Amino acid sequence: MTEQATWQIRVTGVVQGVGYRPFVYKLARERQLAGWVRNDPEGVLIEASGFESVLRLFSEELASKAPELARVDSVVTLGRSAGRSEATGFDIVHSEHTGAKVALVPADTHVCADCLAELRDPADHRYRYPFINCTNCGPRYSIIRALPYDRSQTTMHSFVMCERCDREYRDPMSRRFHAQPNACADCGPRLFLADRQGTVIEGEDALRRCARELTAGRVAAIKSVGGFHLAVDARNAESVALLRERKRRDSKPFAVMVRDLATAHRIVELSAAEEAVLSSPARPILLARKRSGTVPENVAPRNPNLGLMLPSAPHHHLLLDESGLDTVVMTSGNLSGYPIAYRNQDALGQLFEIADVILYHDREIEIRVDDSVVRLSAHPELDGPLLTFLRRARGYAPYPVEVGRPLTPLVAYGAELKTTVALSAGSRVFLSQHIGDLKNDETFASHRKTAAHLASLYDLRPAAGVYDMHPQFRTSSSHEGIGEPGEPVFVQHHHAHMAACMAENRLTGQAIGVVFDGAGYGTDGAIWGGEFLVGGFDKVERATHLRRLALIGGDRAVHEPIRTAVSVAVDTFGDIDTAVKAFPALGRLEQERRQVYSTMRARGINSPEVSSMGRLFDAVAALLDICSYAEYEAQGPIELEGLLERNLDMADGYEFDYTTTEVDFRPVIRAIAEDLAADLPLPEISRRFHSSVVTMVRRRCHDISRRTGIRRVVLSGGVFLNEFLQINCLTTLTRDDFEVHTHRQVPPNDGGLALGQLLVADYRHTIGNGRPG
């Protein structure tokens, strides 16, 4: 046998709060090793003594046999010394609080199978306890105040464990060893319910009252892991309509929580890969194809998908069991335009405008975390299903994106919509959870708090703040950072989109960036949004773009796509009367309004010109009478794509005009009018339009490649949340031997923008300080 030795081993990654130290303890004892393991700000540090061959095996198993919730980035032997240490056993020692904070904060996770079994076992002392958890599950990021992840540094610090819980907490062989939210009914958080009359009840009575209200068709606000939800019986169309009326949300699809996978299969079509995502520890909302007639149409009107999630907290399971309901709408608990409520006092002060009762608890949420939303796409030419984030939050944030090279310490603040914050440390970019649209003081304050919270967790001191170029964005105009000393850095919107896709795919060098979105401030002071860029992190050139269209009424046109429809139709046909003959939807406008819009466009009155692919989709949806007035962002494009029923087959598309430096959409609009006059069904027109955009992307990429020699393409921007465009552009260009990259770790929309901003700013900072880029 080999000689004995003592190794000191460093493990990094998500290795705190996930049962990693008990795992190491048990593994070391099985291998008859002596020494110790502890948490510190860098991760987990181990000293182990034993035979060299056993230490090598032990070191390998630290990654290969890690607990389910752990994410091991590296296992590095820091030092070796001959001989065995003086230790006679293996211990878990106290956490070390000094040093650089690089250990990863674990995300909030679902209820594990073991805890769920105890929750439903009448013989268990945690039977029906709504806050059951262990080292393998439960709240994490939403309750953390500082690292290392110890109970004293979470919102559980005020709950003193009873003798039984404390014994479990200190027992290395227990599943609850150092489970920081560990508690039971004798010592932990409690449920409460308040109604509109001011009555407050608690415990089982609160849970049962909430269940009765739901089954009676009323609206409940429910405090979950990262904030409040608003809930109604998803099979009761009248209840759904009541929630829509009170929330003032007529059309935007609601997410639905189902009791279990069997229920999910009854109401949506689920592949094995989709089932795995839905039931993963992150418990995201998954967009899955609806089965006809299984839930009322008003849950997700004019949409082939249903946003589905499984219970993520113990009281979700109890509530669905108690009520007898297997399908419950669970939508964000907020007033229109505001972020989700996460403090009890805010919920009790605001949500009775919508809810009949509020179910809450006394475990504080340190930082609000909304639900993640994902989609899984399948295609015969893809190398497995493609996961796309529409919103990255609970279960995934704040896990970092590894970019593969050291970065300057910076903080990037995103844009104005679907905002996130990004901070760099080493080769990692910590991307925050979805924060939302910075339209009001509360969301703006949440934006700043999230940045400060992340910086504090990792003891980061950004050298500069990075902002969007748009002078009217609230973040850009205020420069209200978190104390970074350097001059602010401004990055063009679409360059940031392109850089985000390059960063998460660890690309270097040059690429063709196809960046389609609603709007972004261009380097020429105009609004861009249908862009073909060439370049890299250092700089980009605008190779070509979509023909500009006039946005009649400015931002009003975003909410009233009929204005953009008038603009595009008049641009195509020359005058409003001819446009009305081509598109009957325009005839539904009062004649006076038609003339006003036409005159505003002709004279350039509050009608800025934009090269926006998102606005072109708006216009086509309005011209086809699908959506003339949008309740939520991209409603028209979403409903236009919805006509395709998630069938990704291409059709013979319409032809854009390529004779100028722009991509001219007017021939497409004329051809759509001809198909409409010939009574071609709307789904077929939609498929032809979508296919024409794919073909246009292919042709433009070939043109640019011939000129530049570049064969790499990245697809980014919110329009690429359109599954048909994303998958067909990806597969068509790949078929043509392009190297094609799309988003897989962050959303293609503005939710991923901060990542790209940070990478572009880092390149400038690196070059400015004389270091190679």
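Setting aside neighbours within four places in sequence, His497 touches Val515, Asp517, Ser716, Gly717, His743, Pro748, Asn749, Asp750 and Leu753, where contact means heavy atoms within 4.5 Å. This is a predicted model, in which local features need pLDDT of at least 70 and side-chain atom pairs count only at pLDDT 80 or more, while totals for chains, interfaces and linings use all residues. Residues are numbered from 1 along each chain as its sequence is written, and side-chain values use heavy atoms, with hydrogens and water left out.

Let's stay with His497 for a moment. His497 sits in helix 13 (residues 493-504); helices (H or I, at least four residues) and strands (E, at least two) are DSSP runs numbered from the N terminus. At a relative accessible area of 1%, His497 is buried. Here buried means under 20% relative accessible area, exposed over 50%, and partly exposed in between, with a 1.4 Å probe and protein chains only. The His497 side chain also makes a polar contact with the side chain of Asp750, at 3.0 Å. A polar contact is a pair of N or O atoms within 3.5 Å; within protein, one must be able to donate a hydrogen and the other to accept it, and residues adjacent in sequence count only if both atoms are side-chain atoms.

Now to helix 19 and two of its partners. Helix 19 (residues 613-623) packs on helix 21 (residues 666-677) at an angle of about 20°, with the axes 11 Å apart. Axes are lines fitted to C-alpha atoms, for helices over the stretch in contact, and angles run from 0 to 180 degrees between N-to-C directions. Helix 19 and helix 21 are therefore roughly parallel, a label for angles under 35 degrees, with over 145 roughly antiparallel, 65 to 115 roughly perpendicular and the rest oblique. Leu616, Val620 and Leu623 of helix 19 meet Ile669, Ile672 and Leu676 of helix 21. The residues of this contact divide into six nonpolar, no polar and no charged. In this scheme Ala, Val, Leu, Ile, Met, Phe, Trp, Tyr, Cys and Pro count as nonpolar, Asp, Glu, Lys and Arg as charged, and the others, Gly among them, as polar.

The axes of helix 19 and helix 22 come within 12 Å and cross at roughly 155°, which makes helix 19 roughly antiparallel to helix 22. Met613, Leu616, Phe617 and Val620 of helix 19 meet Phe689, His690, Val693 and Met696 of helix 22. The residues of the contact between helix 19 and helix 22 comprise seven nonpolar, one polar and no charged.

His690 is found in helix 22 (residues 682-708) and is buried, with a relative accessible area of 0%. Beyond neighbours within four places in sequence, the contacts of His690 include Phe617, Leu640 and Glu641.

Helix 1 (residues 20-30) is mostly covered, with eight of its 11 residues buried. Those buried residues pack against several elements, including strand 1 (4-14) and helix 2 (52-64).
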